[in-house]
Structures are given as structure tokens and as C-alpha cells.
Amino acid sequence: MNTTDAFVGLECIECGEIHDAETATHRCPDPECGGILDPTYDYDAIDLDRATLAARPFDSMWRYEELLPFTRESAVTMDEGATPLVECDNLADELGVDRVVFKDEGRNPTGTFKDRGQTVAITAAAHHGASDVALASAGNAGQAAAAYAGRADLEAHVFLPARAGFTMKAMTNVHGGDLTVVGGRIGDAGAAYDDAMAEHDDWYSVKTFVTPYRHEGKKTMYYEILEQLDWEIPDAIVYPTGGGVGIVGMYKAAQEFEQLGLVDGMPGFYAAQATGCQPIVEAFEGGLDRHNPVEYPDTICGGIEIPDPGASPWILEALRESGGGAVATDDEAILEAAIAVAKGEGLEMAPTCAAAASGAWELGDRGEFDDDDTVVILNTGTGNKDADVLRSHLMGKGI
Ligand SMILES: *Cc1c(COP(=O)(O)O)cnc(C)c1O
Ligand SMILES: [Zn+2]
């Protein structure tokens, strides 16, 4: 495998054992454990300073190669990442803070930050000699996996719920993926995926927190944000949270930047959810260490309609240790936020992502921010993935 110099292996977040990434490919191989594996590095061997990073072109998330498991040269990549941080003065005024910036992940190859996870996960699959990859997804991850798998000449088996958006289904087909649409919701797609995995022991999973590499790719969002803010730690990062891959990735990245001596401290990480599916918000507010699964999830925000996020202890740690929080708003407020942002700032947010904007408003109303704060809102995906949903919301208002 073409691993990077400081990459040590995969550390189990449950039992602490470090496994060889050559042989351990997914969850902790200890049959008693089965915990999530997390790529780990010898940070003392990494020599990165601000000037070195500044001298590199801002061209791809792989510019942080030393902090990724695989070499850039061996990566299955389309130069994902390196997305802009867009200043939103109107929103800052409305929120009563100094600055609001949008990390616009809609500018990725398949229109969402899922590309950051799949570039690393599909690279791992290729390194491990896989011929087929598989996952269940709410939509965007499936589309991204199909795109990267096609590029690496792998077959992608994608299980999506019927309510996944048209674009995600259509583009999975267009990228040559083997698409299975399952009646129901994400849990039903997951069950169909489990059945298929049991029948095909040669399929390589690229599913959330089954592969150790998706949060690893998504962590690069944090590196970029810090560099783009000239190393000033923002006060808050508000993130539309489903499985929590991005938020734990960024929390990890924040710890890494501290460890490397690049910055001191970290922002408050805030999980934004929809009231129709808010297991993390409920666990946070209830002081729990783990979520209770939502029995009847129901929100228009498909990407965060995740009723049973298995990594909840890690997500909750990120919120608490960073001094952040959790907030939920309803679908109506979320759609209104997407439309307000599109109208007032020009930026296109899918409904799922607008949960972060709407959540930021709610946090502002609750007095969570100060007038000299910098607030980062993650726009995890582009609005045109769900243009129909946004347009029909206008229709519902007679527009
Ligand atoms: C998947 C997805 C999310 C949630 O991501 P997690 O990192 O799993 O919490 C948020 N927004 C969009 C657009 C998504 O596709
Ligand atoms: Zn373990």
C-alpha cells in the first residue's frame, strides 16, 4: 500500500488496540469488540508549519497529504476539497455577530462534501485490491461512491431509500453504479445492504463508520477553514449532523492541529438537526453519553434523517469537549433558511444543509453568540441537488 510516512495504523476507539491497515480494513477485527477504527499517525514525525502550508497551491484536500493515510499520487481523486469560504455580511448583520462565513462544499465534484470521504475510502478499496464496493446511503454518499468507484474501475453497489432525491439516484446510474432503490427509509436501505453483503463476501464496504476512512477525508474541511481564516480560530462551527462523520472528523482535525503546535484551542462545534430526527440534540440536552434511536424519523432533510447514529458517543464528546452544543429546528424553518440564504446571499443550500443555517439562527436567538463572534456555517451540499424540494416550498406559499 502507498501509505504516508507518519501513518501508523488504525486505532480502535473502543478497545484502543492499533491494527495494521494492510490487514484490518473495516471495524475492529477483535470479535469481542468490533469498534470503529480511526487512522492514527506519529505526529512527532510530521513537520508542518503555517508557512509550508501557505506555500502550497490551494488545489485539493490532498495538499494535507502528511495527515492522510495514503499518498496523493496513489489517490483516486478529482481534486475535491479546497472549497471557498464565502463571507456573508447580510447574515452576519441578521445574526448580530461580527462575521458569518459559509464553507461551500457544494463546489465539490459531485456537489457535496461526501466526495472528501469517498476519495479516501475508494483509494483504500483500490489499495486493498477490491473489485466491488458497496454502501447504503441517504443519497449523496451513494452518488459520490459511484463516481469515485467508476474512476478507479470498481463496481459500486449502492442502496438508496425510495425517498432519496432524483438527482442522487439518477447520477448513481450515470456514473455506472449498480443502484438498488429500497422502499422506505435509510434503515430499510441499510437492511437490504446487509442482506446483499451477507451474500457477497468479496464486496468492500464504503459505508459510514464501517470503513475507517470517510471521517478521515472529511477532517480536511477543518484544516482548510483554519487556513482560510488566517489561523484565527472561529467561535463556532455549525454543522448539519446525520451520522456525524464530518463533525467527528473536524474535531479530530482540531486536535491534530493543536498537537502539531499550529494553533492553540478549538472552536465550539455545534450539531444542527431537524426536529423530526434529532437523536444527538436529545442526547446532548439530556446529558447522555449515547443517543436513543428515533423510532419514527420524519424530516425533509434526507442527508440528516439518520435515526440511529452509531458514532453518537464520539459526536457528543466533540460537542462537549469543544464547548459547542446542539440545536434542532423544524422543516419549515429549515426551508425558509435555504430560501433566505439563496435570496440574500446568492448561495445555494440543499434543505439538509440549511438545517445548519436555520440552527445558527436559533442559536443566535438563544443568545449563544457574542457580537464579536465569527460563525462558520457548513454548506455541505449544493442546492441544485434538491431544487424541486425548494421550489415546491415556494409553491406551497403561492409563489
Ligand atoms: C451526509 C450529509 C450530511 C450529514 O453528514 P454526516 O457527516 O454523516 O453527519 C449533511 N449534509 C449533506 C448534504 C449530506 O449529504
Ligand atoms: Zn476494538
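Trainee: How many salt bridges does the rule find across the interface of domain 1 and domain 2?

Mentor: A salt bridge here is a side-chain nitrogen of Lys or Arg within 4 Å of a carboxyl oxygen of Asp or Glu. The rule finds six across this interface. In this model, Arg163 forms a salt bridge with Asp298, with the closest N and O atoms 3.9 Å apart.

Trainee: What should I know about the model itself?

Mentor: It's a predicted model: local features need pLDDT of at least 70, side-chain atom pairs count only at pLDDT 80 or more, and totals for chains, interfaces and linings use all residues. Residues are numbered from 1 along each chain as its sequence is written, and side-chain values use heavy atoms, with hydrogens and water left out.

Trainee: Where do the two domains run?

Mentor: Domain bounds come from an automatic or database domain assignment. Domain 1 covers 85-112 + 213-396, and domain 2 covers 114-205. Their C-alpha centres lie 24 Å apart.

Trainee: How many residues of each domain are in contact?

Mentor: Contact means heavy atoms within 4.5 Å. Here 25 residues of domain 1 are in contact with 23 residues of domain 2.

Trainee: And what area do the domains bury between them?

Mentor: The size of an interface is often given as the accessible area lost when the parts come together. Buried area uses a 1.4 Å probe and is summed over both parts. For this pair that's about 1,900 Å², with 50% of it on carbon and sulfur atoms. On the domain 1 side, Tyr213, Arg214 and Lys385 lose the most area to domain 2, together 33% of what that side buries.

Notes. Chains are lettered from A and ligands numbered from 1 in the order in which they are written. Buried area is the accessible area (1.4 Å probe) that two parts lose on being put together, summed over both.
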